[in-house]
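Visitor: I would like to go through this model by question and answer. Please show it first.

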Amino acid sequence: MIYIHVPFCRSFCTYCDFYSETVCKGKDGAAMDAYVSCLTGEISARRAEIESTLGLNTLYIGGGTPSVLSIKRLQKIVSALGYGPYEEFTIEVNPEDIAGNGPAYVEGLSDLGVTRISMGVQSLDDGILRWMNRRHDAARAREAFSLIPKGLDRSVDIITGVPGMSDESLQKTVDGILEWHPEHISAYQLSVEEGSALAAMIASGKVQEAPEGQCRRQYEYLCSRLSGAGYHHYEISNWALPGHEARHNSAYWSRLPYSGLGPGAHSLRMESDGTQVRSWNSRSIAGWKAEGEEALTPEEIREEEIMLLARTDKGPIPEKDWFVADSLIADML
């Protein structure tokens, strides 16, 4: 399993705290070329570690906004890896990039070996999209989705629990997306992340978090509506038409080892003696490096296994772990 973090965005979303740097179209060539050069160097330096995680040969390019990269730059990255064709190859995209670049860009992704496109739509309510500081509107999202052929697995992200988001707004978004018939839908409740613009807005009193009742009601609506439309609710925030569950993400929840490449990326490796080690890179596009690592204790491993099992439909949790599960769920709430 390989994850690549692309640390570029054209603008920052209100809620986001992922590591990224803003780049201006037409003035980003040097920064992106430097990133690709550093990334291919990291791939070469970590070759043995990467190959030790290829029990499941998947590639996920996330961000940030990977779709700000040209096909030529993506080709350099994929060629440097050299492990294709992949069992699943996902790339995250912004609707504005897909619509703006047109069919040729999507064809280029397919030619690279991409099998799955994850599009951050978030809402089909233009007012909500403006509040989120998204670059697209609902019409642009529809246009972008229409350019992705059915031969690829098409995944759509939406967000619930947004301040000021009415139930009617969410229902219209879900109805609109179901008309597209995507193979996969991810729905995340808005969270307040330290360092995000949203956190600052709440701290200043300009915005209030959505009430718990709204969040619960909107999540319960999603569960009912998507299941009724034939989607398998296989993880707390993910639904798929049968057979289209995300293999890469499902492997995270099963705690398979993975290699995270790029600034701010995390990895999980299994040593020959059974020790499990989590490591992470520094957050800098100007020559990032390995920043730290930790060997997980048996207790930490057990807690992670229980917590991840509780997120999926793979249960039930063994009776001996109920007490730990209750404590972990209480902490999450």
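Visitor: Which residues does Y35 touch, not counting residues up to four places away in sequence?
Guide: This is a predicted model. Y35 is listed with those that have the most contacts inside the largest nonpolar core, along with I2, I4, L81 and L109. Leaving out residues up to four places away in sequence, Y35 touches I4, H5, V6, P7, F8, L69, I77, P263 and W288.

Visitor: How many residues does the largest nonpolar core have?
Guide: Another core lies apart from it and has seven residues, among them M1, Y258, L268 and I301. The largest nonpolar core, which includes I2 and I4, has 64 residues.

Visitor: How are α3 and α5 oriented to each other, roughly parallel or roughly antiparallel?
Guide: Helix α3 spans residues 71-81 and helix α5 residues 103-112, and their axes lie 10 Å apart. The packing angle is about 10 degrees. Angles under 35 degrees count as roughly parallel, so α3 and α5 are roughly parallel.

Visitor: By class, how many nonpolar residues has the contact of α3 with α5?
Guide: I71, L74, Q75 and V78 of α3 meet Y105, G108, L109 and L112 of α5. Two residues of this contact are polar and no residues are charged. The nonpolar count is six.

Visitor: What share of the residues of the protein chain count as buried?
Guide: The protein chain has 13 helices and 14 strands. It exposes about 15700 Å², of which carbon and sulfur atoms supply 51%. With buried meaning under 20% relative accessible area, the share of its 333 residues that count as buried is 50%.

Notes
Residues are numbered from 1 along each chain as its sequence is written. This is a predicted model: local features need pLDDT of at least 70, side-chain atom pairs count only at pLDDT 80 or more; totals for chains, interfaces and linings use all residues. Side-chain values use heavy atoms; hydrogens and water are left out. Axes are lines fitted to C-alpha atoms, for helices over the stretch in contact, and angles run from 0 to 180 degrees between N-to-C directions. Helices (H or I, at least four residues) and strands (E, at least two) are DSSP runs, numbered from the N terminus. Angles under 35 degrees count as roughly parallel, over 145 as roughly antiparallel, 65 to 115 as roughly perpendicular and the rest as oblique. Contact means heavy atoms within 4.5 Å. Ala, Val, Leu, Ile, Met, Phe, Trp, Tyr, Cys and Pro count as nonpolar, Asp, Glu, Lys and Arg as charged, and the others, Gly among them, as polar. A nonpolar core is a set of buried Ala, Val, Leu, Ile, Met, Phe, Trp, Tyr and Cys residues joined through side-chain atoms within 4.5 Å. Buried means under 20% relative accessible area, exposed over 50%, partly exposed in between (1.4 Å probe, protein chains only). Accessible areas come from the Shrake-Rupley method with a 1.4 Å probe; for residues, only the protein chains shown count as cover.
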